[in-house]
Amino acid sequence: MSPTPAPRILIVIPCYNEEASIVSVVNDVAQARHQSGLVLDTLVVNDCSTDGTLVQLQTLPGCNYLNLPVNLGIGGAMQAGYRYAYRHGYDMAVQMDGDGQHPADELPKLLAPLLADKADVVIGSRFLERTGFQSTAVRRIGINYFRRLNRWLIGQTVHDSTSGFRAFNRRTLAIVDRYYPDEYPEPEAIVQFGLHQLRIQEVPVQMRERQGGVSSINTGRAFYYMLKVTLGILFVYIRLRGRRTLTPLAG
Amino acid sequence: METIPITIQIVSITGALLFMLTIFRLIVRGKLREEYSIIWIVCTVLLIVFSIWRRGLEQIATLLGVFYPPSLIFLAALSAMLVFLVHLSVVISKLQNQIKDITHEMAYLRQDLERLKAQQETRATPSEPVVP
């Protein structure tokens, strides 16, 4: 059943003003490639950084990167990477943040369910085994809220729905190529995948605290974040549910 | 009863005509696309019609059971603006999607171009193939 040539995997690293950490993240992936023997290619998506990120990428030998001419935000930047993976015939794609939160040595663990064809979407979760960086208390309240919302809507429990450390197979990439949420895409994408009948699996990973840069979500934006994501989730649910009843997916 | 309304009539007709002139000038200069100008032209025509046909507003108001005719104007104007604002939000959302797609394509093309340039510079050693 498994394809004879080794599956090609693209590691998409979105970054906005990550000059302090981006080089080490790319190097970590290269090291993981050597250690695991997986065919891991890297694609850094520079979302119009205003610091020296682009220079770092240009001077890094052999670094494969996209340079977005306009700042699209994390969702748009990730979709650029996923589309790239889909068009270039990659079998899988992984999102790995450019700030160094997601350790590259967890990649084999994240990819294992995809390689065994046991899942279509794998999400690296901080909360399955409570080790590593656990985020702040306020954020965990928000994450719990999204977990309940997702469970209620799609009947699947995702403990760490805001985790950006996730891997998709080609079936998922085909869906993401057509639509991926723009702003704060992570929780909304889970509902999208659930309604497309994709198999979602969480694997425990350790995360680190960001190595550099600043988070895109500060306390002032937290309220907007919750509202925007809730609306996004509800509307993607209504839209896809309607479509599903019209044209039921085979299988 | 007759003198004051006529002054207002003249003022409103000139106002409406000036507005229409502005709209036309914007279209001629290419600063306003025709599809967005239609609603403004229709509004101006309505404005002119009711400026000339003064009894009209009162007649329609009594027909609809509105006791105070000017409130009908407010209702109509507010609803029209609301609908048009929603329409503009739809247009903006569509534009945002298109910009995102174009940005993606541009990023891919940039990458292809840079690879081609790099290939030309080091013509002796062909590096990894550029995907069509």
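What percentage of the contacts in chain B with a separation of 6 or more comes from residues 24 or more positions apart? I find that such residues account for 39% of those contacts, where contact means heavy atoms within 4.5 Å.

Before going on, I note that this is a predicted model, in which local features need pLDDT of at least 70 and side-chain atom pairs count only at pLDDT 80 or more, while totals for chains, interfaces and linings use all residues. Residues are numbered from 1 along each chain as its sequence is written, chains are lettered from A and ligands numbered from 1 in the order in which they are written, and side-chain values use heavy atoms, with hydrogens and water left out.

**Chain B**

I looked up the secondary structure of chain B and found four helices and zero strands, which follow the pattern α-α-α-α along the sequence; helices (H or I, at least four residues) and strands (E, at least two) are DSSP runs, numbered from the N terminus. Of the 132 residues in chain B, 18% are buried, a term that stands for under 20% relative accessible area, with exposed meaning over 50% and partly exposed in between (1.4 Å probe, protein chains only).

**Strands of chain A**

E5(A) is joined to strand E6 of chain A (residues 166-169) by three bridges in the antiparallel sense, and to strand E7 of chain A (residues 200-204) by five bridges in the parallel sense; two strands count as paired if DSSP finds at least two bridges between them. I followed A:Val122 through both pairings: it stands opposite A:Ala167 in E6(A), and its bridge partner in E7(A) is A:Gln201.

E6(A) also pairs with strand E4 of chain A (residues 92-95), antiparallel and over four bridges, with A:Met92 opposite A:Asn169. In E6(A), A:Arg166 and A:Phe168 point one way and A:Ala167 and A:Asn169 the other, and all are buried.

**Positive phi**

Most residues other than glycine have a negative phi, and I therefore checked for exceptions. A:Asn17, which is not a glycine, has a positive phi of about 55 degrees; A:Asn17 sits in the loop between strand E1 (8-15) and helix H1 (22-36) of chain A and is partly exposed at 22% relative accessibility. A:Tyr184 has a positive phi of about 45 degrees and lies in the loop between helix H6 (170-178) and helix H7 (186-195) of chain A, where A:Tyr184 counts as buried because its relative accessibility is 9%.

**Salt bridges within chain A**

In one of them, A:Arg171 and A:Asp120 have their closest N and O atoms 3.2 Å apart. A:Arg171 lies in helix H6 of chain A and A:Asp120 in the loop between helix H4 (107-115) and E5 of chain A, so the pair ties together parts that are 51 residues apart in sequence. A:Arg171 is partly exposed at 40%, whereas A:Asp120 is buried at 2%. Both belong to a network of salt bridges that links A:Asp117, A:Asp120, A:Arg171 and A:Arg199.

I also looked up the salt bridge of A:Arg126 with A:Asp160, whose closest N and O atoms are 2.8 Å apart; A:Arg126 is in the loop between E5 and helix H5 (137-154) of chain A and A:Asp160 in the loop between H5 and E6 of chain A, 34 residues apart. Both A:Arg126 and A:Asp160 are buried.

**Between the chains**

How many residues of chain B are in contact with chain A? I find 13, which touch 18 residues of chain A. The two chains bury about 1500 Å² between them, 51% of it on carbon and sulfur atoms, buried area being the accessible area (1.4 Å probe) that two parts lose on being put together, summed over both. Three salt bridges are counted between chain B and chain A, including that of A:Asp182 with B:Lys100, where the closest N and O atoms are 4.0 Å apart.

Terms used. Salt bridge = Lys/Arg side-chain N within 4 Å of Asp/Glu carboxyl O.
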